[in-house]
Amino acid sequence: MINRRKFLTLIGAGFFVTFFSGCGETSKVAVENTVAGEKNFFMEDFKLNSGYKMPRLGLGTWTLDDSQAESCVLHALKTGYRLIDTARYYGNEKGVGAGVNAAINEGFIKREEIFVTSKIMPGNYNQPDAAINNSLDALNIGYVDLMLIHQPGANDEGVYKALERGVKAGKIRSIGISNYYTPADFERINKIAEIVPAVVQNENHPLYQNSKLQDYLQKYNTAVESWYPLGGRGNTQKILGNATILELSKKYQKTPAQIVIRWHLQAGYIVIPGSKNPAHITENFNVFDFEISADDMNKIAALNKNRRFENW
């Protein structure tokens, strides 16, 4: 069994690892050292209020089909990722599960070392218990580490009660909500809950930081997770091309994406950048060998415009 840190140290020593181009065709990608002696700024997993630990950096799989999801998940797990995010709506739970099982079958990782998130989509809110079972069947990984309500909608409170039943049945380990942006939104679900939501997954990035919700949830030890952490489709350059981000990219000798991902981690978010490009997947994980100074964190905080790119 290869330890993640040992694996990263080996590939950081100058070895090349065979991965997949487009997470489909083989190519060689040089992996930089993410464990650089004493300069190891590895962030410990987030201890959820459910008692389980959740990695702070993961792979988002929105837009990937089953085939792409399988190869990209396997690539990500080989790179060092331990958090994989999917959803019923994405239509790729089968591929995500196949990628997880491929990694387990290759013998370099165990199921309990991988944290998989899925979500119940609005079209299934009238039959949430069946939706949980359908996700479990598609993933074929035994249990789901975290399952979320995908977004507010009719019967979302009933969906949350179904998630609680899933926890009691051993099908799900932790539960939460997605796209609930205010303390009032959170409390509407929390007030009917027996199990406090462990995670709120929302759009968050330098132009929309929503620190008010993040601060509010501290009393519950509820984690805030960022989707579209780099801005999302059609908006990435509005963030990665920002003058402040480019200035810090030059200063730290890191890519703009690495600066933004590192900011998310230091600002206390769990973050799930998505990509089907193996070089980008590797690049996005290589953020543990540097630290953004407090002054520079404040510069990024000043970029906040309370501007979301999606409205659902």
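Student: Where does Thr63 lie?

Tutor: Thr63 lies in the loop between strand S5 (58-60) and helix H2 (66-79), where helices (H or I, at least four residues) and strands (E, at least two) are DSSP runs, numbered from the N terminus. This is a predicted model, in which local features need pLDDT of at least 70, side-chain atom pairs count only at pLDDT 80 or more, and totals for chains, interfaces and linings use all residues. Residues are numbered from 1 along each chain as its sequence is written, and side-chain values use heavy atoms, with hydrogens and water left out.

Student: Why is Thr63 called partly exposed?

Tutor: Buried means under 20% relative accessible area, exposed over 50%, and partly exposed in between (1.4 Å probe, protein chains only). Thr63 has a relative accessible area of 44%, and is therefore partly exposed. Its phi is near 85°, a positive value in a residue other than glycine.

Student: What makes Asn179 buried?

Tutor: Its relative accessible area is 3%, so Asn179 counts as buried. Asn179 is placed in the loop between strand S9 (172-178) and helix H6 (183-190), and its phi, near 70°, is again a positive value in a residue other than glycine.

Student: How many of the residues in the protein are buried, as a percentage?

Tutor: Of the 312 residues in the protein, 54% are buried, and the secondary structure comes to 12 helices and 12 strands.

Student: What percentage of contacts between residues at least 6 apart in sequence join residues at least 24 apart?

Tutor: With contact meaning heavy atoms within 4.5 Å, 75% of those contacts in the protein join residues at least 24 apart.
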